[in-house]
Amino acid sequence: MNDDELARKARNILIVTEGFPTYGGLAGRDLEAFAQGLEEVVDEDYLKYRMRSTAYVVEKLDAMGVPVFKPAAGHAVYLDASACLPHVPPQQFPGHALACELYLEGGIRSCEIGSVMFGRRDTETGEFQPAMLELVRLAIPRRVYTQSHMDYVVECVGEVFAQRDAIRGVRILQEPPLLHHFTATFEPL
């Protein structure tokens, strides 16, 4: 599109209606993967394995002193970013800062579920209202990661946690009015 503002609006609507712009359409293999997932999700042996994989990561991180939510979920591990980075105020997005550090340290892709996703600016005052929790989700897709991957994640999270005092917050450079957690841009403080 030749109009940047119109393109931004179109991308935001696309996220709501069809998915992130880089996802493309659903290929046949994607539909097959969905069908396979629906079969596996009711297989008790598979579910036990999956629950044990996430519990393993939670147990290892907890033993290292990393603030992690317990009991373990079946699909992801949740780090408590506020407890990991108590020196980073909510207005500096500790969850996003922690997610960035995990990526820089070990290429670990994670998701901030906190003030970037759920915080809001008061429309009258412009003041930032943070979210109740600052989490970082480490999703564990089915049939993707091995035991050595889980050990690698534990090691990298441990390295980042050991250097937590040096981690600084981030600030938003640009954010759209809706779904800003998908397309906002940040810079480190």
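Reader: Which loop does F93 lie in?

Author: Happy to start there, with the reminder that this is a predicted model. F93 has a phi near 55°, a positive value in a residue other than glycine. Most residues other than glycine have a negative phi. As for where F93 sits, it's the loop between helix 4 (81-84) and helix 5.

Reader: At what angle do helix 5 and helix 7 pack?

Author: Helix 5 covers residues 94-106 and helix 7 covers residues 147-162, and their axes are 9 Å apart. The crossing of this pair is right-handed. The angle between helix 5 and helix 7 is about 120°.

Reader: Which residues of helix 7 make the contact with helix 5?

Author: On the helix 5 side, you'll find L98, E101, L102, E105 and G106. Taking both sides of the contact, the residues divide into 6 nonpolar, 1 polar and 3 charged. The helix 7 side is made up of Y152, C156, V157, E159 and V160.

Reader: How much space lies in the largest cavity?

Author: A search of the whole structure turns up 1 cavity of 30 Å³ or more. Its lining includes L98, L102, V157 and V160, along with V66 and R164. The space inside comes to about 50 Å³.

Reader: Which element gives the largest share of that cavity's lining?

Author: Two elements give two or more residues to the lining of the largest cavity, namely helix 5 and helix 7. The lining residues divide into 9 nonpolar, no polar and 1 charged. With 3 residues, the largest share comes from helix 7.

Reader: What volume does the largest pocket have?

Author: There are 34 residues lining the largest pocket, and the closest to its centre are R109, S110, C111, E112 and R137. The lining divides into 22 nonpolar, 8 polar and 4 charged residues. The pocket's volume is about 1,200 Å³.

Reader: Which element gives the most to the lining of the largest pocket?

Author: Quite a few elements give two or more residues to this lining, among them helix 3 (44-63), strand 2 (111-113), helix 6 (115-118), strand 5 (135-139) and helix 8 (180-183). Helix 7 is on that list too. The most, 5 residues, comes from helix 5.

Reader: How far apart along helix 1 are E5 and R8?

Author: The side chains of E5 and R8 meet in a salt bridge, at 2.3 Å from N to O. The count for the structure comes to 4 salt bridges. Because E5 and R8 are 3 residues apart in helix 1 (residues 4-17), their separation is about one helical turn.

Technical notes. Residues numbered from 1 in each chain as written. Predicted model: local features only at pLDDT ≥ 70, side-chain atom pairs only at ≥ 80, totals over all residues. Heavy atoms only, no water. Axes fitted to C-alpha atoms, helices over the stretch in contact; angles between N-to-C directions. Helix = DSSP H or I, 4+ residues; strand = E, 2+ residues; numbered from the N terminus. Left-handed = near helix turned anticlockwise from the far one by under 90°. Contact = heavy atoms within 4.5 Å. Nonpolar A, V, L, I, M, F, W, Y, C, P; charged D, E, K, R; others polar. 1 Å grid on protein atoms, 1.4 Å probe; cavity = no way out; pocket = protein on both sides within 12 Å on 5 of 7 lines; lining within 4 Å. Points joined across faces, edges and corners; volume = space filled by probe spheres on them.
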